[in-house]
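Have a look at the model first, then read on.

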Amino acid sequence: QVQLVESGGGLVRAGGSRRLSCAVSGGNLSEYAMGWFRLAPGKERQFVAAISRNGGRTYYADSVKGRFTISRDNTKNTVDLQMNSLNSEDTAAYYCGARSADSSSSYFLYTKTWEFDYWGQGTQVTVSS
């Protein structure tokens with residue numbers, strides 16, 4: 001059973017940075033496309049960033065483009081989300097998701113919650129103004 005564990009959340013001042021990490025166990029990360037989503041109070045889970053199985057493609061929500069960077073290290077079985085220039089709109093619980101992808105789908109990106117097979121428990125990021 002694949003398990004995802006997010007870490008790195010916390011309280012950060014507006015304009016600051018935070019790096020989230022998603023550790024994957026029970027499976028080989030190289031067989032999964034990955035994504036980060038966030039959930040703010042009163043809102044639906046929102047797509048943030050995605051990375052293909054082979055790491056060759058990334059995609060971002062317009063709201064974070066140019067500020068956030070998703071990366072993966074298949075040797076360490078981790079996927080990171082570097083967040084810069086944070087603002088109050090970024091306050092949310094952040095979740096990583098894993099989507100099984102075969103070799104023919106190595107460059108595919110997934111951005112919808114229903115496309116993901118596994119989810120972590122989330123890590124809270126609170127941006128203070």
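A residue is called buried under 20% relative accessible area, exposed over 50%, and partly exposed in between, using a 1.4 Å probe and protein chains only. Keep in mind that this is a predicted model, where local features need pLDDT of at least 70, side-chain atom pairs count only at pLDDT 80 or more, and totals for chains, interfaces and linings use all residues. Residues are numbered from 1 along each chain as its sequence is written, and side-chain values use heavy atoms, with hydrogens and water left out.

**Overall fold**

- The protein has 0 helices and 11 strands, where helices (H or I, at least four residues) and strands (E, at least two) are DSSP runs numbered from the N terminus.
- Its radius of gyration is 14 Å, close to the 14 Å that the globule rule gives for 129 residues, so the protein is as compact as a globular protein of that length. That radius is taken over C-alpha atoms, and the rule is 2.2 Å times the number of residues to the power 0.38.
- Along the principal axes, the C-alpha atoms fill a box of roughly 45 × 30 × 25 Å.
- Of contacts (heavy atoms within 4.5 Å) between residues at least 6 apart in sequence, 62% join residues at least 24 apart.

- Buried residues account for 45% of the 129 residues.

**The disulfide**

- There is 1 disulfide, meaning a pair of cysteine sulfur atoms within 2.5 Å.
- Cys-22 and Cys-96 are the partners, with their sulfur atoms 2.0 Å apart.
- Cys-22 sits in strand β3 (residues 18-25) and Cys-96 in strand β9 (residues 92-100), so the bond ties together parts that are 74 residues apart in sequence.
- The torsion about the S-S bond of Cys-22 and Cys-96 is about 55 degrees, so this disulfide is right-handed.
- Are these two cysteines, Cys-22 and Cys-96, buried or exposed? Both are buried.

**Positive phi without glycine**

- Asn-77 has a positive phi of about 60 degrees although it isn't a glycine. You'll find Asn-77 in the loop between β7 (68-73) and β8 (78-83), and it is buried at 17% relative accessible area.
- Ser-85, also not a glycine, has a positive phi of about 50 degrees. Ser-85 lies in the loop between β8 and β9 and counts as partly exposed at 43% relative accessibility.
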